[in-house]
Amino acid sequence: MKQGRIIKVISNQYTILDDQQQFIAKPRGKMRKGQTPYVGDWVNYEVIEDSVRIDSVLERKNRLLRPSVCNVDQALIVTSLKDPDFSEHLLNRLIFLVLLCDIEPVICITKSDLVEPEQLEKIQSILDWYRKAGYRMFFSHPGSDDQELRELLSNKISVLCGQSGAGKSSLLNRLDPTFKLHTQQISKALGRGKHTTRHCELHPIGDGLVADTPGFSSLDFSRMDVSRLDHLLFDFQEGIEQGCRFADCIHVDEPDCAIKEGVKNNTINPVLYEDYCQLMKEQKNRKQY
């Protein structure tokens, strides 16, 4: 039995990478009734005559539900400043999603070259909140020097996620022109991009692998346990260390809350806190029904 990593899934065909060699494999019959392999999974496989069969999936360290990628080291949250316009609320929701999957978020800003200087200055003041909280941030646009970003991706499994049209495929093409991924112009009628990527795939960049995945603009937290989000958010760490009056404080309506005090004192991003409270209320409403 051999081991390899799944780097592409199309229908019931799985591409396995093992020692720089790629094989097209299918799961054994028993696999169809058991654990489904996803991109990023390490699997046991064997070669039987002219075919390759996946026998089992090894234990995962994490999994993103949408896109379905496993064993991810970091997620590049690709956020455009124009076409589609910058959305602080969407960025916050993506950060929440990534952290709840036990993956480190990295913010990658695209299309800053398309924004007027006054508007860019305003957005930069918003982005300062994320820098101060400790999120790593990169800017990328046609002609930019992306060497630091390439180094960040080396020896890691990374996933690109973000709104349709934010420039995920274009970013990969800049990092490695050999990708030659198909990109599309923004749909002016819809005001957002059309999905240019039809399947999930890990692409080699240097010594790392990067997943280019279908974009999405809506996020579903209904199947996730959001109760631990406060301990995962970079923004809340100082307040968590200081401690709230109540040990089970969720930082929404409770008195003597260190997080609420941080918002009041302008040390915690107020918009991110607003989105956090909204998520907590959504979970509470789901429990009631």
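Predicted model: local features only at pLDDT ≥ 70, side-chain atom pairs only at ≥ 80, totals over all residues.
Residues are numbered from 1 along each chain as its sequence is written, and side-chain values use heavy atoms, with hydrogens and water left out.

Rolling a probe the size of a water molecule over the atoms shows where empty space is left. A cavity here is a set of points, on a 1 Å grid over the protein atoms alone, where a 1.4 Å probe fits but cannot get out, and its lining residues have an atom within 4 Å of a point. Grid points are joined across faces, edges and corners, and a volume is the space filled by probe spheres set on the points. The count comes to 1 cavity of 30 Å³ or more, and the largest cavity has a volume of about 70 Å³. Its lining includes V78, T79 and S80, together with L90, L91 and L94, as well as Q163 and A166. Strand β8 (74-80) and helix α1 (88-100) each supply at least two residues of this lining; helices (H or I, at least four residues) and strands (E, at least two) are DSSP runs numbered from the N terminus.

Helix α1 has 13 residues and reaches 18 Å from its first C-alpha to its last, close to the 18 Å expected at 1.5 Å a residue, where the expected span is 1.5 Å times one less than the number of residues. Because 12 of its 13 residues are buried, α1 is largely enclosed by the rest of the structure; buried means under 20% relative accessible area with a 1.4 Å probe and protein chains only. After α1 comes D102, whose phi is positive, near 60°.

Strand β8 runs parallel to β11, joined to it by 4 bridges, and strands pair if DSSP finds at least two bridges between them. A75 has V159 of β11 as its bridge partner. From β11, I157, V159 and C161 point one way and S158 and L160 the other, and all are buried, so the strand is largely enclosed by the rest of the structure.

Strands β9 (residues 104-110) and β10 (residues 136-140) also run parallel, joined by 5 bridges, with I107 opposite M137 in β10. The chain crosses from β9 through helix α2 (residues 117-133) to β10 in a right-handed β-α-β crossover, meaning that, with the strands pointing away from the viewer, the path from the first strand over the helix to the second runs clockwise.

Methods. 1 Å grid on protein atoms, 1.4 Å probe; cavity = no way out; pocket = protein on both sides within 12 Å on 5 of 7 lines; lining within 4 Å. Buried < 20%, exposed > 50% of the residue type's maximum accessible area, 1.4 Å probe, protein only.
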